[in-house]
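The sequence and the coordinates come first.

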Amino acid sequence: MNLRTRFLLLISALILVGSVVAWAVFHHVARQIVMQWGQRVAEIQVRYDRARLLQPLEREIALARQMADSLVLKRWARSPEDPALEAEAVREMENFRRNFSSGNYFVALRASGAYYHNNAEDEFAGRQLRYHLVPAKPADAWFYKLIEVGRDFHLNVNPDAELGVTKLWIDVLIRDGDQTLGVVGTGIELSRFVDEIVDLHQAGVNTLFADLSGAIQLHRDAKLIDFASLVKPEGQKSLVDQLLDREADRIELRETMKHLATSGDGAPRVLDRFVESGGRRILLGIAFVPEIGWYEITLLDLDVLMPVAAFTPVAVGFVLTLLVALILVHLLLRRLILDPLGRLEQAMLRVRDGDLSPAPLPQARGEIGRLTQHFGAMAGAIRAHTAELEAKVRERTDALHRLARIDPLTELTNRRGMTEMLEAEITRAGRQGSRFGLLWLDVDHFKEINDRRGHGAGDEALTTLARVLEGCLRPYDRAARWGGDEFLVLLSPCDGATLEAIAHRVRADIEHGSAACGETFTVTVGACLAEPGETLGTVLQRADEALYRAKEAGRNRVVIAPR
Ligand SMILES: Nc1nc2c(ncn2[C@@H]2O[C@H](COP(=O)(O)OP(=O)(O)OP(=O)(O)O)[C@@H](O)[C@H]2O)c(=O)[nH]1
């Protein structure tokens, strides 16, 4: 696997791992942020809902308490049969009615069971006594239960069958020392209250109120409201527990409720915890409202309020940035390392394959740049060294070529060299229509020199002959040792007269020059003038025949071959 592929795989792996890690970190951080944010929101929401509930109720409760403390009402409650006291009490009731924001009131007397009521429309003017409560009647059980429980103040969500309305009733006991004379209060229409306080029309937020027993008092889903909790036996109530999926959450909620209700000193406390509700993980915020003896509970579905998906653009942005950064790193690696290395490798392969011509080398800096420089220098050295070797080989080849055509003894051209020269001359003569002359020399009685004075003296005689030949020839004539004591001389250009003149001069010069070796000897010369178109064989044959005839004629002479 080459470096480029490995880098590509490495970068891909980095992108993959980086993205997965980034996504995991993002998800964890986003979840933490949402959870912390949710806890703050839950606390704020609980305080806000608590304040919104109390704000309209507090005034009504205070008025109801005032009404319960009214001396007029108390006096009448002690003697309900007195018409004058009743008339005065009804006037007092009507005064309170005008002050209640709901515009209605009720007064129920313990002694007579008389129930007085008038509404905002003043519908029951003059007939405020609506009916009489009966202990055995389930619809009236609330009244007797209130007296039995004996709490000064109570909030009761209860449908009033006689009046045909469901209201949030503010019930306050009329006390006379230890005695309870009756109950007064006002009813706030539940649907309006639920709309204003509980039904926030905000997805993911669910607000509800529950009484001390955990019975749901206010909820946007009316089916969940536990109407007339006061008179309901345990086990039939609509409790907050039903909102939670797990038993552990229910137990914990109950403990929290108990804790909040008993530690009611100081600023109202808000506790929150995550619970399972409707198969979802919900943040539950809870506070106790001591003023009314209820719990305010807010359920926040954080996945709806602030879905982690809302952070997706951040994650996508991060992953894209990572991707772009890695691609840039890859491009930079390619530009700075991979591409220069690739070009360097190409240059190396050319050198390996014997192509020593200068190859374009990558422009690079740093380590790759130095590597390239060193390779360039190395390639240059190889190129120079190879050129030097090639020159030497050429030189040696030329020398060998020369040596192969030189007679080692006389240092004249040997038979092979002369043959090549003759062939070239024949070609030239044929091409140009020119003539050339050929002399064939043979030392007379050479064998005798060898025999008489030894082989070394014979060699010396041959060497002397060669030097004489070189001295007496024209610069452009060529002499060669043909073999043994025989020599050839190529005369070019040449004509008959020149041939004859040089042949005689050669013979004479050798005769005179031979003495230099301590032995005077002569040569016989056969000469011929080669015509254009003649072959090497016929030229040699004619010269040889001329030599033969000259030998026959007595040696030490020149015979010119006839044309
Ligand atoms: N010293 C010496 N002798 C050589 C060399 N090459 C050939 N010879 C001798 O040269 C002699 C040539 O003899 P021939 O040409 O046959 O006879 P010749 O004695 O010259 O007689 P003619 O040519 O008939 O006058 C032989 O005895 C060879 O041994 C050489 O390189 N050195």
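## Enclosed cavities

In this predicted model, the largest cavity is lined by R31, V34, M35, F274, R281, L302 and D303. Two elements each give two or more residues to that lining, namely α1 (3-69) and α7 (302-305), and the largest share, three residues, is supplied by α1. By class, the lining of the largest cavity divides into four nonpolar and three charged residues, with no polar ones. The space inside the largest cavity comes to about 50 Å³, and the count of cavities of 30 Å³ or more is two.

The second largest cavity holds about 30 Å³ of space, and the residues around it are V240, L243, L244, L253, L284, I297 and L299. Here the lining consists of seven nonpolar residues, with no polar and no charged ones. Rolling a probe the size of a water molecule over the atoms is what shows where empty space of this kind is left.

## The chain as a whole

The protein chain contains 14 helices and 16 strands, and 44% of its 563 residues count as buried. Among contacts in the chain with a separation of 6 or more, 61% are accounted for by residues 24 or more positions apart. The chain exposes about 28,900 Å², of which carbon and sulfur atoms supply 56%.

## The largest pocket

The largest pocket has a volume of about 330 Å³. Its lining is made up of 18 residues, and those closest to the centre of the pocket are R151, H154, D211, L212 and L230.

Strand β4 (residues 153-160) gives the most to this lining, with four residues. Sorted by class, the lining of the largest pocket divides into eight nonpolar, six polar and four charged residues.

S277 belongs to strand β9 (residues 270-277), and S277 counts as buried because its relative accessibility is 15%, which falls under the 20% limit. A polar atom of the S277 side chain lies 2.7 Å from the backbone oxygen of L243, and L243 is also one of the residues that line the second largest cavity. When its neighbours within four places in sequence are left aside, S277 is in contact with L243, D245 and I282.

S112, by comparison, is placed in the loop between β1 (105-109) and β2 (114-118). With a relative accessibility of 24%, S112 counts as partly exposed, since that value lies between the 20% and 50% limits. A polar atom of the S112 side chain is 3.1 Å from the backbone nitrogen of A114. Not counting residues up to four places away in sequence, S112 touches P80, E81 and H132. The C-alpha atoms of S112 and V134 are 9.8 Å apart in space, while the two residues are 22 residues apart in sequence.

## Backbone features in loops

Another is H445, with a positive phi of about 50 degrees, in the loop between β12 (436-443) and α11 (446-453). The relative accessible area of H445 is 42%, so H445 is partly exposed.

A further backbone feature concerns the peptide bond from S492 to P493, which is cis, with omega near 0 degrees. P493 is found in the loop between β14 (486-491) and α13 (496-513).

Notes: Residues numbered from 1 in each chain as written. Predicted model: local features only at pLDDT ≥ 70, side-chain atom pairs only at ≥ 80, totals over all residues. Heavy atoms only, no water. Buried < 20%, exposed > 50% of the residue type's maximum accessible area, 1.4 Å probe, protein only. Contact = heavy atoms within 4.5 Å. Areas by Shrake-Rupley, 256 points an atom, 1.4 Å probe, with all protein chains shown as cover. 1 Å grid on protein atoms, 1.4 Å probe; cavity = no way out; pocket = protein on both sides within 12 Å on 5 of 7 lines; lining within 4 Å. Points joined across faces, edges and corners; volume = space filled by probe spheres on them. Nonpolar A, V, L, I, M, F, W, Y, C, P; charged D, E, K, R; others polar. Polar contact = N/O pair within 3.5 Å; in protein donor to acceptor, adjacent residues only side chain to side chain.
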